Structure formats: structure tokens, C-alpha cells
Amino acid sequence: MAAWSKRLHREGVTIGFVPTMGALHAGHRALIRAARLACDAVVVSIFVNPTQFGPTEDLSKYPRRLGLDRSLCRAEGVDVVFAPDRDAMYPPGSQTIVTVPALSRRWEGEARPHHFQGVATIVTKLLSLVQPDTSWFGQKDYQQAALVRQLATDLNLSGRIIVHPTVREADGLALSSRNVYLSAQQRQAAPVLFRALQAGAAALRSGARKGPQIRRHMVRLVAQEPIATIDYLAVCDPRSLEPLATVQSQAVLLGAIRIGGVRLLDNLLVTVRTSSRRPRTALHESR
């Protein structure tokens, strides 16, 4: 992988990179298409990273379908599918880990200790190997994307980081590889998280500015779904991810809920405008 990337760079070829854990869906396809439009060559990595799973999490059950993923990549014109095994990425004797402490301590970091340590370590390895000019991450995992931007800046890693807007089903459910775990009843209930975030955004549109008040709107909506339980719902600063007592100009509404044994994540970025125009709720950021 590293030798191929170096050769292309010598030839003046730009490389776009989409890191994934496989089980590719339309959300990944959108990232690949964005990379395809922007760069000469596209690399998709497929690696189910063991270091970002806790001891009670679903590493062994995580969907793996490398053949189908390769077919999707071939259909989308991907130049290289980089699918290393565990020993290639973590050779015997590996000791080094990467942490981004401030961005890791809340929300997903609190719910899943050591998760972001695993994410930061594998992303550092992948960016070092692929040496992309631009890498694409999905907004659905907002905290992860924020952490990757900080990581790439702090360590002077290769290329720009672009966060692509979340791709959703018709009813608003954010696309995720874990959605395949939902039963028919659970799938019907799952969009409640997106509706809760929309309720928070609607409160902002109506003039609410206090973080706890906006959060209550989201909590009330999730409470209407009997099979949903809240891990967290929060109104945060989009960069630091610290909770906001008062929204000044922009907030990210973060949410994680459980439907049965399936954990769902989602978010909305909301910009508050002083004019009568509605705030936008799509994220287009790059480092």
C-alpha cells in the first residue's frame, strides 16, 4: 500500500481515501463518489479494527462481507481496496497508541472507554500508509470526525479531512452498518432519534437558546417510543463538543440511543441566524 501511494505521488497523481470497517452501504458509496470526483485515484480501506471495540461489544458479530464490498468498490471505480489482516496492522509486539484526550472524554468516549484510542491509533496508521491528498469521513459519527480533524492537525498527517453530510433513509434514519441488526419492530422505532434531533433544531428555530431547554425537547420525543432508551442527548459546541449552557451562533445536537440491543448514533449541526431565515442543518467542513 505504502509503495503504491509513493509511486502515484511521484507521478503527480492525487489520492482520495475512504477508510471503512466494511459492510458498505449507500453512505459509504456517497463518500466514494465524492472522492472519485475530487481525486485521480481512490483508495477504500476495509478493516474491522479490534482496538476500538470494548470487551462486551460486537467485534465477533460485526458484519463482514468482503466479497460484496469489493464488488461495490469495483462498480464505483475504486482503484485500490486495502483490506489488511489484524497482524498486518498490529504486528506482534506493537505498543504504540494514540490519544486525543479532550475530544475523547465525553459522549462516545464516556460510553465506550478506549474506543477513541483505538480509532485514533488506526486512523494514524492508515493515513501514514495511504498518504492521501484528501480523506472523507461521514458526519453521522460527528465526534469521531472531530477527533480525526484534530489528530490530523496535531500530527501533521497527510492531506485534507472532509466531513460528508449524513446519508439517510427516507424516514430519516442515518445509514449505518449496524442497522442490519434491527428487527422489523425495532427498525420502525429507530427514526425516533432523528425526530428528537429535529425537535431540538425546531426549538432553536423558535427562539430557544438555553442548552438544557433544547435538550428537554429531544428527551420528551424519545420518551414517546417505549422500546428506546437514551444513552445521551446533548447540545454542544461544534468544535470542543463541550455542553452549551446557551447557544450563541452554532450548536451540534448529539444523540445516542438503544433500540433493543442496537445502539444508534446521530447528530444535527444547527447554525442560528439573526435574520428570519431558518438555520442550516448540514455539515460541510474540511481541515
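**Labels and their grounds**

Reply: Start with N156, which sits in the loop between helix 8 and strand 5 (160-164). The model is a predicted one.

Me: Why is N156 called exposed?

Reply: The relative accessibility of N156 is 67%. Exposed requires over 50%, so N156 counts as exposed.

Me: What is there to note about the phi of N156?

Reply: N156 is not a glycine, although its phi is positive, at about 55°. Most residues other than glycine have a negative phi. A23 also has a positive phi, near 50°, and is a residue other than glycine.

Me: Where is A23, and is it buried or exposed?

Reply: A23 is in the loop between strand 1 (15-20) and helix 2 (26-38). Its relative accessible area is 6%, and buried means under 20%, so A23 is buried.

Me: How do you know how many disulfides there are?

Reply: A search of the whole structure finds zero. A disulfide needs two cysteine sulfur atoms within 2.5 Å. For C39, the closest cysteine sulfur is that of C73, and the separation is 15 Å, so the two are too far apart for a bond. Taken from C73, the closest cysteine sulfur is in C39, again at 15 Å and too far for a bond.

Me: What makes C39 and C73 buried?

Reply: C39 has 8% relative accessibility and C73 has a relative accessible area of 1%. The cut-off for buried is under 20%, so C39 is buried and C73 is buried.

Me: Why is helix 10 called roughly antiparallel to helix 11?

Reply: Helix 10 (residues 192-205) packs against helix 11 (residues 211-223) at an angle of about 150°, and their axes are 8 Å apart. Angles over 145 degrees count as roughly antiparallel, so helix 10 has that label relative to helix 11. The crossing of helix 10 past helix 11 is right-handed.

Me: Which residues make that contact, and how do they divide?

Reply: Helix 10 contributes V192, R195, A196, L197, A199, G200, A203 and L204, while helix 11 contributes I214, H217, M218, L221 and V222. Of the residues in this contact, ten are nonpolar, two polar and one charged.

Me: What makes Q198 partly exposed?

Reply: Q198, in helix 10, has a relative accessible area of 35%. Leaving out residues up to four places away in sequence, Q198 touches R205 and L268.

Me: How do you know that A228 counts as buried?

Reply: A228, in strand 6 (residues 228-236), has 12% relative accessibility. Buried means under 20%, so A228 qualifies. Not counting residues up to four places away in sequence, A228 touches V192, V222, I257, R258 and I259. The C-alpha atoms of A228 and I257 are 6.6 Å apart, and the two residues are 29 residues apart along the chain.

Methods:
Residues are numbered from 1 along each chain as its sequence is written. This is a predicted model: local features need pLDDT of at least 70, side-chain atom pairs count only at pLDDT 80 or more; totals for chains, interfaces and linings use all residues. Side-chain values use heavy atoms; hydrogens and water are left out. Buried means under 20% relative accessible area, exposed over 50%, partly exposed in between (1.4 Å probe, protein chains only). Axes are lines fitted to C-alpha atoms, for helices over the stretch in contact, and angles run from 0 to 180 degrees between N-to-C directions. Helices (H or I, at least four residues) and strands (E, at least two) are DSSP runs, numbered from the N terminus. Angles under 35 degrees count as roughly parallel, over 145 as roughly antiparallel, 65 to 115 as roughly perpendicular and the rest as oblique. A crossing is left-handed if the near helix is turned anticlockwise from the far one by less than a right angle, and right-handed if clockwise. Contact means heavy atoms within 4.5 Å. Ala, Val, Leu, Ile, Met, Phe, Trp, Tyr, Cys and Pro count as nonpolar, Asp, Glu, Lys and Arg as charged, and the others, Gly among them, as polar.
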